[in-house]
Amino acid sequence: MMKKCRGATRLMSDALERPLTGAEKMALRTHLLMCGSCRNFSRQVLELRNFARHFSHQPDVADDAAGKPDADS
Amino acid sequence: MSGQGEAVRATDSDLLDEQFLAQLRRQMVQFARMQLQDESLAEDAVQEALIGALQNAGSFARRAAVKTWVFAILKNKIVDIIRQRARMAEGVSLPGEDDDPGERLFDQSGHWNKEDRPNRWAEPDTAVKNEHFWRVFEVCLDGLPVKQARLFMMREFLELESDEICGSLEVSTSNLHVMLFRARLRLRECLDKRWFQEGER
């Protein structure tokens, strides 16, 4: 059974929440082989997680603006 | 902000100036409000986190380090409150609408609409080091339905497991997964449009 993009993206999101079943994994893998857009999505959904985890590590532009000696060196 | 504040400022004057603190406080309150949906609880949590952090402020060389530190304290406080709610079975209902971006992004047969197909993102690792990227991130997070933004950050920033989230809020596991999916679709779309397709900065 071929998964469409909508179903495939749902599985990629779910994979971050629960283990996929064998059938789901198979369907997803097959779809990704043929769909570049969803391959991009599969990387980006992980990037979103990475961004959120960096939420409190965001740099402050004032660090540079203030020209603190320890900012660059 | 009296005696203690003065002492800190005396040792490291521009590290903790009023403007920086005000902005930091605004970001913290905004986040705490979103997560707790309770004005006074949010204010209290932020206040405690700031006081706790500023006692050690002298040891931070950069503002970014202060921010990381106070957010870490705030994060722990919020997680404690959420866990406490779960223990006391004080399921808090999730207000707000919850629309499905999938209706918009995919065509009838379930394929990406041509203009919504994800393109490759250039240098996502560089983005996190860019202050403007975080402005865009905040705007995009704000653009989500409150429910979705809250659950997404609970899961991805507070790093709570599904069970804990479902225990503290009136939401089923399958509903949670649907909402996380919608949040991801929409946040991805927004960052794509407002940052990654905008070209070099």
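This passage walks through chain B of a predicted model and one place where chain B packs against chain A.

Chain B is helical throughout its secondary-structure tally, with 10 helices and zero strands. Read along the sequence, that gives the plain run α-α-α-α-α-α-α-α-α-α. Of the 201 residues in chain B, 32% are buried. Among contacts in chain B with a separation of 6 or more, 72% come from residues 24 or more positions apart.

Helix α7 of chain B is worth a look of its own. Spanning residues 131-143, α7(B) has 13 residues and runs 19 Å from its first C-alpha to its last, close to the 18 Å expected at 1.5 Å a residue. Which residues of α7(B) are buried? They are F133(B), W134(B), F137(B), C140(B) and L141(B). As for what covers the buried residues, the list includes α6 (124-127), α8 and α10 of chain B, together with α3 of chain A.

That brings in the contact between the chains. Helix α3 of chain A (residues 36-53) packs with helix α10 of chain B (residues 173-194) at an angle of about 95 degrees, and their axes are 10 Å apart. The angle falls between 65 and 115 degrees, so α3(A) is roughly perpendicular to α10(B). On the α3(A) side, the residues that meet α10(B) are Q44(A), V45(A) and L48(A); their counterparts in α10(B) are R184(B), L187(B) and R188(B). Sorted by class, this contact has three nonpolar, one polar and two charged residues.

Back within chain B, the loop between α8 (146-156) and α9 (162-168) holds E159(B). Is E159(B) buried, exposed or partly exposed? With 14 other C-beta atoms within 10 Å, E159(B) counts as partly exposed, because that class lies between the cut-offs of 12 or fewer for exposed and 20 or more for buried. E159(B) also gives an example of a pair separated along the chain: E159(B) and K75(B) are 84 residues apart in sequence, with 9.7 Å between their C-alpha atoms in space.

Conventions. Residues numbered from 1 in each chain as written. Chains lettered and ligands numbered in written order. Predicted model: local features only at pLDDT ≥ 70, side-chain atom pairs only at ≥ 80, totals over all residues. Axes fitted to C-alpha atoms, helices over the stretch in contact; angles between N-to-C directions. Helix = DSSP H or I, 4+ residues; strand = E, 2+ residues; numbered from the N terminus. Parallel < 35°, antiparallel > 145°, perpendicular 65-115°, else oblique. Contact = placed C-beta atoms within 7 Å. Nonpolar A, V, L, I, M, F, W, Y, C, P; charged D, E, K, R; others polar. Expected span 1.5 Å × (residues − 1).
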